[in-house]
Amino acid sequence: MPTFKVTLLPSGHRYFASPKQSLLQAGLESGFNLPYGCEGGNCGECLARLEYGEIQSLRHSDFVLSESQKNKGYFLTCCHTAFSDCQLELHEIHGVNEIPQQNIEARVYKLENLAHDVMSISLKTPRTQPLRFLAGQHITVALNKDLRSKRSIASCPCDGLKPEIHVKLRKQDAFSQYVFKHLKRNDRILIQGPMGEFILDDDSQRRLIFIAYDTGFAGIKSLLEHAIALEKEQSISLYWIVTPHSTPYLENYCRSIEDALDNVTFYPLSIKEASEKCFESVLKKIFKQEDQGDEVDGYIILPESFRSLTLALINRYGLDGQRWRLDGYQIL
Ligand code: FES
């Protein structure tokens, strides 16, 4: 099957689309933050203007374009596919402020034990209400009015219909207790969000360092998948620090990425105890190992209680604080 080169204006971003995919879906899968709402031809938010090339209708749309819009070449990217190389003019999403706050009644699509104490929950949103978010953001998930929790989204923004979260079983965390004991496929979960500014700098060419502490891997996974979709060529170091009695529960997934991509190196690291002191010692080793005299973008997801220590270390090692982003989570 032929694929066609699609160029976005004014950014100059490029991706390939097959005639079976909508121009929107192909762009999202290539890691670009294209505007959209329903993915079903109803809202008009995916409007773009065809500057050059041929497109074909893929599905019916209820959204009505004016004659003037049609004459100027406007069309809906979710309802059309490429029929030749083409150039599209559209507004790409550049920051979290351009993503609307959403309330979505989703269902549990799949539950998977990633470890004895870590559950992956894949959610399914209604077909016309995909969750729009940027890689690295959080959502609040509510099982009922008393059981709610803020979680990093673990999946790539290219599939807003099936966002994924990871839940670690903890004694003091009623949400996690419920998930492990009672949650089942098809149960209703209310999603609110997205929140947070811990997102990838899409246009940076700097070397990438991702550091996850324990289930902080969820948000790092989303960033990693986004960086891979964007076909980033710079080297990527992926560190996963695990506490005693834990494992890097997606180690095979990380290894398969490392095997498939020459620019990704995976370092699973264990610490003797879940203390600030042990975390500090392993972080020092990472900073020393990565000190190659070049500029990097660092992303760390860690327990909130380790934030000050990490900021102080970044300072002490003379790293550019502006290029190191931290995201903290609470341990109950
Ligand atoms: S995303 Fe709603 S019409 Fe295309």
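Predicted model: local features only at pLDDT ≥ 70, side-chain atom pairs only at ≥ 80, totals over all residues.
Biologist: How is the protein divided into domains?

Modeller: The domain assignment gives domain 1 (4-89), domain 2 (96-195) and domain 3 (207-329). The C-alpha centres of domain 1 and domain 3 lie 36 Å apart.

Biologist: Which strands make up the open sheet, and in what order?

Modeller: The order is β2-β1-β7-β3-β5, an open sheet of 5 strands with mixed pairing.

Biologist: What makes β2 and β5 edge strands?

Modeller: Each of β2 (14-17) and β5 has a single partner strand, so one side of each lacks a neighbour in the sheet. From one strand to the next, the twist averages 40 degrees.

Biologist: How do you know that β3 is paired with β5?

Modeller: Pairing requires at least two bridges between the strands. Strand β3 (residues 47-52) and strand β5 (residues 74-76) are joined by 3 bridges and run antiparallel, so the two strands count as paired. Within this pairing, R49 has Y74 as its bridge partner in β5, and L47 stands opposite L76.

Biologist: What joins β3 to β7?

Modeller: There are 3 bridges between β3 and strand β7 (residues 86-89), and these strands run antiparallel. R49 takes part here too: its bridge partner in β7 is E89.

Biologist: Which residues of β2 lie on its covered face, and which on its uncovered one?

Modeller: Y15 and A17 belong to the covered face, R14 and F16 to the uncovered one. In a regular strand, side chains alternate between the two faces of the sheet.

Biologist: Why is V108 called buried?

Modeller: The cut-off for buried is under 20% relative accessible area. V108 has 2% relative accessibility, and therefore counts as buried. This residue is in strand β8 (residues 102-115).

Biologist: What surrounds V108, apart from its neighbours within four places in sequence?

Modeller: V108 is in contact with I121, S122, L123, L183, K184, R185, N186, D187 and I189. V108 and N186 are 78 residues apart along the chain, yet their C-alpha atoms are separated by 4.7 Å.

Biologist: Why is S122 called buried?

Modeller: The relative accessible area of S122 is 15%. Since the limit is under 20%, S122 is therefore classed as buried. S122 is found in strand β9. Beyond its neighbours within four places in sequence, its contacts are R107, V108, Y109, K110, P163 and E164.

Biologist: Which residues of helix α3 are buried?

Modeller: In α3 (residues 174-181), the buried residues are F175, S176 and V179.

Biologist: How do you know that the buried residues of α3 line one face of the helix?

Modeller: Viewed down the axis of α3, they fall within an arc of 95 degrees, so they line one face. These residues pack against β9 (118-124), β10 (138-142), β11 (148-152) and β12 (164-168).

Biologist: What lies at the start of α3?

Modeller: There, a side-chain oxygen of D173 comes to within 3.1 Å of the backbone nitrogen of F175.

Note on methods: Residues numbered from 1 in each chain as written. Heavy atoms only, no water. Helix = DSSP H or I, 4+ residues; strand = E, 2+ residues; numbered from the N terminus. Buried < 20%, exposed > 50% of the residue type's maximum accessible area, 1.4 Å probe, protein only. Contact = heavy atoms within 4.5 Å. Arc of directions from axis to C-beta. Polar contact = N/O pair within 3.5 Å; in protein donor to acceptor, adjacent residues only side chain to side chain. Domains from an automatic or database assignment. Axes fitted to C-alpha atoms, helices over the stretch in contact; angles between N-to-C directions.
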